[in-house]
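Morning, everyone. Please look at the screen, and I'll walk you through a few features.

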Amino acid sequence: MSFNTVAFAIFVASVICLYYLAPKKYQWVFLLIASYFFYAFASVKFIPFIVTTTITSYFAAIMIDNNHKKEKLVLAEKKDEFTKEEKKNFKNIEKKKRRRILVALLFVNFGILAFLKYYNFFADNINALIKPLVHQTATMPHLKLLLPLGISFYTFQTMSYVIDVYWKKIEAERNLGKVALFVSFFPQMFLGPIGRFKDLSGQLFESRGLDVHNIKFGLQLAAWGYFKKMVIADRVGIIVDSVFAQHGDMAGSTVAISVFLYAIQDYTDFSGGVDIVRGIAQTMGINMAENFKRPYFSRTVAEFWRRWHISLGAWMKDYVFYPFALTSGMKKFSKFARNHCGDAIGKTLPIAIGNILVFFLIGIWHGASWNYIAWGIYYGLVVGLGGMLKPVFEWMNNALHIKTTSRLFILWQILRTFWLTCVGCIIFRAASLCDAWQIFEKSFYFFQIPHNYVGEFLKLKIDLNDVFAIPLIILILFVVDLMQERMHVRTFLENRSTAVRLLVYFIGFLLIVSLGMYGPGFDQNQFTYVQF
């Protein structure tokens, strides 16, 4: 049941109506039933996996929480009996118990994810290495594995809950149904954002009455998401698919334009889907975290990643980067680097290594492909080197008397960052690393004009309407994003007269109906990030 289908629209409308009609005490129960129905509709075969993740995480969190409370109780009861050394030993023993539970859960849940998502990739690469040395029958078998939709999203979300209990940031939830709803809340299951229990629990489980403002703002946000997905992403995606599939036969200018269009497609597809998710949730009074903040206005790649897929970046920062940076090994390395390379290098080098690790894992999170791994390493190196070279850049700006606050310099930074992200887009989208290199090379020949305009045009599988529509819809995206960068657009629209608001709604509806990609003859694209 894809988000851009009539069936999904009917389902969501029914859920919203029934949610407000349900007894307030059981509204969360209704959401749980609706969420599992939605997931089962995708495939009943997916249910055992999400149930396994939910149940194991539920019991692990309770066991860890009980151990915390037991430790606190014993220390309070025996504070006069324990010596300082006995108290330290007791706390270490209890901490080891909690750590064993957490490690076992990490092994189970991430083990399921890793096996289903990466086994065949691992097996294929091992076979390629050992095939010349051993008999064919000795190679690792290729398995027909089921990959549940959204498994990466709900696994990361669930593990954040248990780790937060382990770190005593929250207490374990004793109601299994409520934990199940947190894991399976249907709008966010396939596309995120990756939520935190402390942020969502109160909103998911509390009762609420009908709020017209929530309905209105939620529908506005969802409509903008549908515009980005159906009008922009799906339309430019036709050109992108055509060029990336036959880039060798395309002129350099066509390839360069398609790389730019893929950057737009990737952004509007994913952020459009998340806008739909957040809009649907808001109609029921549930405010989910913002996952995109106009990333193509970023002045550095590091800033780009603070604006792009924010919930994944925050997850990696809190549960990978900081724990890694605080390990005794990294502390010793940082001290060694400061002593031998100076304070500047000693401070930035460990951060750069942490960034490389984080982006390597982000690449793996996206899928079992050397492209994703290379893409992650690319961003890790760019962000890491950017941090290390920041003093050099500042020295150059001062030496050249560059006014870094000028609009021209800021524009240069934005364009430079956008180009670097386009390189990442090539690695991410190409069919192979070999293709990525060929597309990267060819995109530099952006002055190369097609010899046969008609033939090139036919290869793109578009018509004259697209030639005029695509610049228009990209301009609309730019204008709205620029407005969002400077103001809260929905509040701004709310303060306009009824006639103005109705005119905006009508134009938006007309654009989706007239320029949206749907209907007979159109292969309705699933949202790109559903596969992750």
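First, some terms. Helices are DSSP runs of H or I with at least four residues, strands are runs of E with at least two, and both are numbered from the N terminus. Axes are lines fitted to C-alpha atoms, for helices over the stretch in contact, and angles run from 0 to 180 degrees between N-to-C directions.

This is a predicted model: local features need pLDDT of at least 70, side-chain atom pairs count only at pLDDT 80 or more, and totals for chains, interfaces and linings use all residues. Residues are numbered from 1 along each chain as its sequence is written, and side-chain values use heavy atoms, without hydrogens or water.

Now the helix pair. Helix α8, residues 212-245, packs with helix α19, residues 464-486. The angle is about 140°, and the axes are 11 Å apart. The two are therefore oblique to each other (under 35 degrees is roughly parallel, over 145 roughly antiparallel, 65 to 115 roughly perpendicular, the rest oblique). In this contact (heavy atoms within 4.5 Å), α8 contributes residues including W224 and F227, and α19 residues including I470 and L477.

Next, N127. It is found in helix α4, residues 84-130. Buried or exposed? N127 counts as buried, because its relative accessibility is 13% (buried is under 20% relative accessible area, exposed over 50%, partly exposed in between, with a 1.4 Å probe and protein chains only). Leaving aside neighbours within four places in sequence, N127 contacts T139 and M140.
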